[in-house]
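Here is a short report for a first look at a protein model. Keep the structure in view while reading.

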Amino acid sequence: MSLISLPGSLLIGGGVLEQLPDLLRSMHCQKALLITDPTMVSLGHPQRVQTLLAQHNIHCDIFSETVPEPTAASIQAGVVQASSDTYDVLIALGGGSPIDSAKAISVLSRHGGTIRDYAVPAHVTRKGLALIAIPTTAGTGSEFTRFTIITDEQNDEKLLCTGPAFVPDAALIDYELTLTVPPRTTADTGIDAMTHAIEAYVSRKANAYSDSQALAAMNLIGPNLERVYQDGQNRPAREAMMLGASLAGVAFSAASVALVHGMSRPIGAFFHVPHGLSNAILLPTVTAFSIPATPERYAQCARALGFAAPEDNDTLANQKLLSTLHQLNQNLQVPSLRALGIEQSHFDSLRPTMAQQALASGSPNNNPRLASQEEIESLYAQLWT
């Protein structure tokens, strides 16, 4: 049996941002703190929300100091501001980093402590400040999930926090907010969403509910990822990617992620590689390692993504899955570790620590093929070949 926790209210479709005042009134909220980042401010999205709410006599302050791959220090400033006034709701606006930051700020501002107090193996049930998530990228699915990931910069470790306390109270999914996302971010977040769907489908915790969401997500993401990378103004493709990313978020919230994500977090913590990008670098290698444990499930992923034909047998479908994942990385100009400026000797010296951290996150335990620390170290080494 799987515990499935989802936001209590969902608004989905182009232009639904305009319904935010009605949503806040239905939640009996009158004083909001908007959690976002400098990029969103430069695009004018937070100011638009602030003006919209002011027109309906709802007060809204802005905290825009979240950072990519949020850290314990970066969220603390948000905790201070959220605790400094009588806010009754947080509004997270942006990609996964502002949403993850807002989840942590919601709990810490209400219950105190440090983010490590809430990390796995803790299971956090006490809700914090009310939270509305408004994603502006089609990728993380954080608006649907009971997870948040915050880096402990003192130890270069990404902390996974989980529990119903981190599920937003409401999510507002407006694909029009993604029309300004640049190609690199579009690619990285799109591959993140695709990885969520694949890992949810092959996870040892997969169930009938998560399967239905994962397959639907792959049907949407597979044909549209390159389209939005090539043309960010392709509205039907943007809408499909936004819905696909959300469904993938539902899927992995119900079934969890697996080895790719477990190995991805340490790369982000030590080398500050964006999460979706490190997933993209890992996905072909980890998929090749994992296919022997459940070839029929990976073959179904290939068919759902449109990488293989419905009539292809499992062996052929999996061959096409691996070749297409490699080709997709080329088409989306995913850089190598070396191209990112990472020194191989430094990376190699950290492989044992990264493998330990990957295992400690728990995600590799959901992988169809379980990996030992030595095997994870070997998979890290293969990223340079």
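How much space lies in the second largest cavity? About 40 Å³. The answer comes from a predicted model, where local features need pLDDT of at least 70, side-chain atom pairs count only at pLDDT 80 or more, and totals for chains, interfaces and linings use all residues. Residues are numbered from 1 along each chain as its sequence is written, and side-chain values use heavy atoms, with hydrogens and water left out.

## Overall build

The protein chain has 14 helices and eight strands. These are DSSP runs numbered from the N terminus: helices are H or I with at least four residues, strands are E with at least two. Along its principal axes, the C-alpha trace spans about 60 × 45 × 45 Å.

## Burial and contacts

Of the 385 residues, 59% count as buried. Buried means under 20% relative accessible area, with a 1.4 Å probe and protein chains only. The protein chain exposes about 14,400 Å², and carbon and sulfur atoms supply 51% of it. Such areas come from the Shrake-Rupley method with a 1.4 Å probe.

Take contacts between residues at least 6 apart in sequence: 78% join residues at least 24 apart. Contact means heavy atoms within 4.5 Å.

## The two cavities

The structure holds two cavities of 30 Å³ or more. On a 1 Å grid over the protein atoms alone, a cavity is a set of points where a 1.4 Å probe fits but cannot get out; lining residues have an atom within 4 Å of a point. Grid points are joined across faces, edges and corners, and a volume is the space filled by probe spheres set on the points.

The largest cavity holds about 60 Å³ of space. Its lining is T137, A138, T178, V181, T186, T189, V228, R238 and M241. Helices α6 (183–202) and α8 (235–255) each give two or more residues to this lining. By class, it has four nonpolar, four polar and one charged residues. Here Ala, Val, Leu, Ile, Met, Phe, Trp, Tyr, Cys and Pro count as nonpolar, Asp, Glu, Lys and Arg as charged, and the others, Gly among them, as polar.

The second largest cavity is lined by I198, E199, V202, V260, L283, V286, T287, S290, Y298 and N367. Elements α6 and α10 each give two or more residues. The largest share, four residues, comes from α10. This lining has six nonpolar, three polar and one charged residues.

A pocket is an open set with protein on both sides within 12 Å along at least five of seven lines. Of its 15 lining residues, the closest to the centre are I281, H326, N329, L383 and T385. Elements α10 (275–290) and α12 (314–331) each give two or more residues. By class, the lining has seven nonpolar, seven polar and one charged residues.

## A residue in α12

A317 is found in helix α12. Is A317 buried or exposed? A317 is buried, because its relative accessible area is 0%. Leaving aside neighbours within four places in sequence, A317 is in contact with A299, A302, R303, A308 and D312. The C-alpha atoms of A317 and C301 are separated by 8.8 Å, and the two residues are 16 apart along the chain.

Conventions
Buried < 20%, exposed > 50% of the residue type's maximum accessible area, 1.4 Å probe, protein only.
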